[in-house]
Amino acid sequence: MATAVAMETDDAGNRLRFQLELEFVQCLANPNYLNFLAQRGYFKDRAFVNYLKYLLYWKEPEYAKYLKYPQCLHMLELLQYEHFRKELVNAQCAKFIDEQQILHWQHYSRKRMRLQQALAEQQQQNNTSGK
């Protein structure tokens, strides 16, 4: 009985840890949050930098599939470099990254819309030629 309770406690703890780490990793996609962390000196703390290194396991497909903001993985990778961490103290750096993300999303959205339109037109042509 005690073993079953201990296993349940471990499972609940692991689920909570997974959720917390998932949420934190996704927060890394926000350049303003990175700027906040940098300005408060988190990136100078060796333990915090080691934690960021530990979080690289999120790049594995079995974990990455849970991410809603995949750009967080790119930020996590960049955070492994001291120079990048130092630059994030500058609000202009965070603003630049934010603008680049917006431009990327706009380009991706337009490209995706064109691909969907082309696919719809192709399907419509196949339907009309097949009749």
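1. The largest nonpolar core of the protein holds 24 residues. Within this core, the residues with the most contacts are Phe43, Leu52, Leu55, Trp58, Leu79 and Leu88. The model is a predicted one. At least two core residues come from each of helix 1 (2-27), helix 2 (31-39), helix 3 (46-54), helix 5 (71-78) and helix 7 (91-130). Helix 5 gives the largest share of the core, with 4 residues.

2. Phe43 deserves a separate entry. Leaving out residues up to four places away in sequence, Phe43 touches Leu34, Leu37, Ala38, Phe48, Val49, Leu52, Leu79, Arg85 and Leu88. Among these partners, Leu52, Leu79 and Leu88 are also listed with Phe43 as residues with the most contacts inside the core.

3. Along the sequence the pattern reads α-α-α-α-α-α-α. The protein is more spread out than a compact globule, because its radius of gyration is 21 Å, well over the 14 Å that the globule rule gives for 131 residues. Taken along the principal axes, the box filled by the C-alpha atoms is roughly 65 × 55 × 15 Å.

4. Next, burial and surface. Of the 131 residues, 25% are buried. The protein exposes about 9,900 Å², and 55% of this area is supplied by carbon and sulfur atoms.

5. On contacts along the chain, consider those between residues at least 6 apart in sequence: 70% of them join residues at least 24 apart.

6. On charge, the protein carries 17 positive and 14 negative side chains. The centres of the two sets are 7 Å apart.

7. Cys93 is part of helix 7. Cys93 counts as buried because its relative accessible area is 17%, under the 20% cut-off. Apart from neighbours within four places in sequence, Cys93 is in contact with Glu87 and Leu88; Leu88 is also one of the residues touched by Phe43. Pro31 lies 62 residues from Cys93 along the chain, and the C-alpha atoms of the two are separated by 8.4 Å.

8. Lys68 sits in the loop between helix 4 (61-64) and helix 5. Its relative accessibility is 68%, so Lys68 counts as exposed, the cut-off being over 50%.

Technical notes: Residues numbered from 1 in each chain as written. Predicted model: local features only at pLDDT ≥ 70, side-chain atom pairs only at ≥ 80, totals over all residues. Heavy atoms only, no water. Rg over C-alpha atoms; globule rule 2.2 N^0.38 Å. Buried < 20%, exposed > 50% of the residue type's maximum accessible area, 1.4 Å probe, protein only. Contact = heavy atoms within 4.5 Å. Areas by Shrake-Rupley, 256 points an atom, 1.4 Å probe, with all protein chains shown as cover. Lys, Arg positive; Asp, Glu negative; His and termini not counted. Charge placed at Lys NZ, Arg CZ, Asp CG, Glu CD. Core = buried A, V, L, I, M, F, W, Y, C linked by side-chain atoms within 4.5 Å.
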